[in-house]
Structure formats: structure tokens, C-alpha cells
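Thanks for coming, everyone. Please bring up the model on your screens, and let's walk through it together.

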Amino acid sequence: MHAPVMITCPQRQQGITLVMVLLVLSLMTVLGLLGINVSSLQERMTHNTQDRGLAFNAAEAGLRMCETTIRVNAAALVFGNAHGLYTVPAPSDPPRWRTVNWDDADATIAAPAPVGVVTPPRCLIEQLPVTLDDGNDSLAAGRPVSAEAQYRITARGVGSRAETVVFLQTVYRR
């Protein structure tokens with residue numbers, strides 16, 4: 001018969017399992033936190049994009065309002081550098097849209113506000129010098145030439161936050 005074999009356990013355990021579990025747990029925690037950061041960043045980017053779209057739509061509404069004002073009331077408009085109706089500044093002066101106080105109701109024309117914007121869109125109209133147009137963009141002799149009034153329209157739209165501002169500009173010929 002054989003003598004029984006005794007297996008002896010060391011008196012001191014190494015504890016490597018505990019260390020490995022803690023490392024894996026720490027790694028999973030870091031990955032989870034990174035996932036939360038990425039998710040919140042994407043949410044902020046989406047909100048900013050939506051807000052910019054809202055501001056763009058508001059500015060577009062302002063452009064349409066001023067275009068309608070010209071189309072309906074062109075003969076009655078008095079360009080006196082107030083109430084959103086301006087003459088063109090001298091070439092050495094900055095453009096009106098950069099110097100006007102966009103929050104001043106006497107300096108700009110208000111348009112109906114789309115839902116969700118902080119302030120209603122506003123626009124201003126600058127009367128440009130009359131240009132001659134033959135309809136074909138040609139100065140050939142013998143073609144009829146007509147004078148056309150031109151207006152530079154600048155609109156400002158604000159999104160759901162006051163920091164989100166979009167400017168749009170167009171030249172309207174009549």
C-alpha cells in the first residue's frame with residue numbers, strides 16, 4: 001500500500017486574482033466613462049446643428065419678409081437710413097449690416113418668428129444704385145436697355161439660444 005499523499009497549501013497567498021479583477025473592473029469603468037463622454041458630445045453636436053438650422057430658417061423668413069415688402073410697396077418705400085430702409089453707405093464706410101443695432105426695432109424690419117426662436121428674425125433693405133439691363137447681359141448696340149432698381153437685403157435669424165446667429169444676404173432686382 002501506498003502512503004497517503006498530502007498536498008500542502010502555502011501559508012501565504014499571492015492574491016493575483018484580486019489584482020486582475022480590479023484591473024479589469026477599472027478598465028471597464030474607464031471605457032464606460034468614455035462612452036458616456038462620446039454620447040454627450042454627440043448629443044450637444046446634434047442640438048447645435050438643429051439650433052443652427054432653426055436660426056437659418058428664421059433668417060430665411062426675414063429675407064422673404066423684406067422681399068415681400070419690396071415687391072408690394074416698392075414705390076412707397078422711403079430710404080432714409082432708418083426703420084430698416086437704408087441708402088448704400090460710402091465705399092469707405094463699413095456695410096450697414098455690420099453697424100446696425102439688430103435688436104433696435106427702429107433700425108430693422110421684424111418678420112414673424114418661427115416657433116422656437118429666442119427673438120424674431122429681422123432684416124434691412126439697402127437701396128443700391130440703379131443699373132442698366134438689356135435682359136441679355138450684353139451691351140451690344142441696338143438692344144433696348146431698361147433701368148432696374150436693386151436692393152441688398154440682409155436678414156438675421158437667431159435660434160433657440162441667443163448665441164446661435166445666422167446672417168443671410170441677397171440682391172433683389174425689380
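Start with arginine 152, which is partly exposed at a relative accessible area of 22%. Which residue does arginine 152 pair with in a salt bridge? The partner is glutamate 126, and the closest N and O atoms are 3.0 Å apart. A salt bridge here is a side-chain nitrogen of Lys or Arg within 4 Å of a carboxyl oxygen of Asp or Glu. Glutamate 126 sits in strand β3 and arginine 152 in strand β4, so this pair ties together parts that are 26 residues apart in sequence. Glutamate 126 is buried, with a relative accessible area of 0%.

A word on the source. This is a predicted model, in which local features need pLDDT of at least 70 and side-chain atom pairs count only at pLDDT 80 or more, while totals for chains, interfaces and linings use all residues. Residues are numbered from 1 along each chain as its sequence is written, and side-chain values use heavy atoms, with hydrogens and water left out.

Now the overall layout. The protein chain has two helices and five strands. Helices (H or I, at least four residues) and strands (E, at least two) are DSSP runs, numbered from the N terminus. Reading from the N terminus, the order is α-β-α-β-β-β-β. Of the 174 residues, 27% count as buried. Next, contacts, meaning heavy atoms within 4.5 Å. Take the contacts with a separation of 6 or more: residues 24 or more positions apart account for 60% of them.

Back to salt bridges. How many are there by this rule? The count is six. One of them joins the side chains of arginine 64 and glutamate 60, at 2.3 Å from N to O. These two are four residues apart in helix α1, so about one helical turn separates them. Arginine 64 is partly exposed at 40% relative accessible area. Glutamate 60 is also partly exposed, at 24%.

Another salt bridge links arginine 161 and glutamate 163, at 3.9 Å from N to O. Is glutamate 163 buried or exposed? Glutamate 163 is exposed, with a relative accessible area of 64%. Arginine 161 is partly exposed at 30%.

On to the disulfide, a pair of cysteine sulfur atoms within 2.5 Å. There is one by this rule. Cysteine 66 and cysteine 123 form this disulfide, with their sulfur atoms 1.9 Å apart. Cysteine 66 lies in helix α1 (residues 16–73) and cysteine 123 in strand β3 (residues 122–133), so the bond ties together parts that are 57 residues apart in sequence. The torsion about the S-S bond is about 85 degrees, so the disulfide is right-handed. Both cysteines are buried.

Next, the interior. In soluble globular proteins, nonpolar side chains tend to be buried together. We call such a set a nonpolar core: buried Ala, Val, Leu, Ile, Met, Phe, Trp, Tyr and Cys residues joined through side-chain atoms within 4.5 Å. The largest core here has 18 residues, and Ile70, Ile125, Tyr151 and Ile153 have the most contacts inside it. At least two residues come from each of α1, β3, β4 (146–158) and β5 (165–173). Which element gives the largest share of this core? Helix α1 does, with five residues. Look at tyrosine 151: leaving aside neighbours within four places in sequence, its contacts include Ile70, Phe79, Ile125, Leu128 and Val171. There is also a second, separate core of five residues, among them Tyr86, Trp102, Ala107 and Leu124.

Now find alanine 59, in helix α1. Alanine 59 is buried, at 0% relative accessibility. Leucine 168 is 109 residues away along the chain, yet the two C-alpha atoms are separated by 6.2 Å. Beyond residues up to four places away in sequence, alanine 59 touches Pro121, Ala155, Arg156, Gly157, Val166 and Leu168.

Last stop, helix α1 again, at leucine 23. Leucine 23 is exposed, with a relative accessible area of 53%.

Terms used: Buried means under 20% relative accessible area, exposed over 50%, partly exposed in between (1.4 Å probe, protein chains only).
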